[in-house]
Amino acid sequence: MVQRTLVTGGCGFIGRHLVNALLDEGHAVTVLDNLSCGTDYGLPFHSSLRFLEGSVLDGGMVRRACEDVNLVFHLAGIVGMQRVTANTELTYCTSVLGTHNVLAGSARAPVVLFSSSAVYGLGAPTPVSEDSSLVSWATALSYDGAVRCYAAGKWVIEQLGRSAAGAGRRVIVIRPFNVVGPGQAAGTGVIPKMLDRAITGRPLTVFGDGTQSRSFGCVSVFVPAVLRLVSRLQSERDRYAVVNVGADQETTILELARAVLDVTHSKSRVEFRPYASVFPSKTDVRRRVPDLRKLTSLIGSLCWPSVEEILRDCIAAPALTVPLAELHR
């Protein structure tokens, strides 16, 4: 039987990589995206791909997208710190109402919900495990600067998923950790921003003293890991699962900036700025590293590329300039 799969937000960075991987595995894929944060330029021309331009906030459009599907990957949401900060209520509503519509419109098909490491808030011990006691409305709200926004919306997504699983649905929640790689837009992550500035000779912005660290996981490993994880968990007795997915190697932001300058051979300087000068209501996360024991127990250990390898792949990636998905409209 052909696996008919819906990917919401399928024109975004992770979504495009996921769609291509699903098509390679023989899925018939429907993509629902309003193109507000992504681009259809990266979707391939494929007989098994259907593209619908629309929002997950439109219940009727979601029901249309869900027709005959037997698996759903729900990625749709607002991304990019500056965009999120400027649109707090839309960000929150897209997560909450969008997930409600997807769960309501997809009957009883298994659903993979993409949450975020942001639900751990600001002060969780590192590395952070999936232990539910670490995650609450309060921890998510602390990340958002006391105004419900990105992390709070992701927390609600998880609660909606848990409720759906209690009613008999199979729900898998993915908590990604700083997924990066070729095709990521400059406004949605620190790596594409730094690469763009280095290549064009502008200063690289580092907030604070640059000692805050992140774990950068390449999308080329992340997407296959998610697909293996979903395949593994669909046979489990427990109908609800939450799993961290990402690399566990730490890189400070200052180390990242120096690696960008080295790989690009750029003469750009590093410019230090207070975090509050750009995001006055928020506090920067000092460390964000996943505990991967659960992921490893399910699909084995993964080999994540180094930051330098990721940077070289990003530079070598061809620009996407032709909107092939126009053929699917």
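This is a predicted model: local features need pLDDT of at least 70, side-chain atom pairs count only at pLDDT 80 or more; totals for chains, interfaces and linings use all residues.
## Basis of the model

Local features need pLDDT of at least 70 and side-chain atom pairs count only at pLDDT 80 or more, while totals for chains, interfaces and linings use all residues. Residues are numbered from 1 along each chain as its sequence is written, and side-chain values use heavy atoms, with hydrogens and water left out.

## Helices H4 and H6

Helix H4 (residues 88-105) packs with helix H6 (residues 150-166) at an angle of about 15 degrees, and their axes are 7 Å apart. H4 is therefore roughly parallel to H6, a term for angles under 35 degrees. Helices here are DSSP runs of H or I with at least four residues, and axes are lines fitted to C-alpha atoms over the stretch in contact, with angles running from 0 to 180 degrees between N-to-C directions.

Contact means heavy atoms within 4.5 Å, and the residues of H4 that meet H6 include Thr91, Tyr92 and Leu103.

## Salt bridges

Side chains of opposite charge can pair when their charged atoms come close. A salt bridge is a side-chain nitrogen of Lys or Arg within 4 Å of a carboxyl oxygen of Asp or Glu, and the whole structure holds nine salt bridges.

In one of them, the side chains of Arg148 and Glu89 meet at 2.7 Å, N to O. Arg148 lies in the loop between helix H5 (137-143) and H6, and Glu89 lies in helix H4, so the pair ties together parts that are 59 residues apart in sequence. Arg148 is partly exposed, with a relative accessible area of 36%, and Glu89 is partly exposed at 41%, where buried means under 20%, exposed over 50% and partly exposed in between, using a 1.4 Å probe and protein chains only.

Note on methods: Helices (H or I, at least four residues) and strands (E, at least two) are DSSP runs, numbered from the N terminus. Angles under 35 degrees count as roughly parallel, over 145 as roughly antiparallel, 65 to 115 as roughly perpendicular and the rest as oblique.
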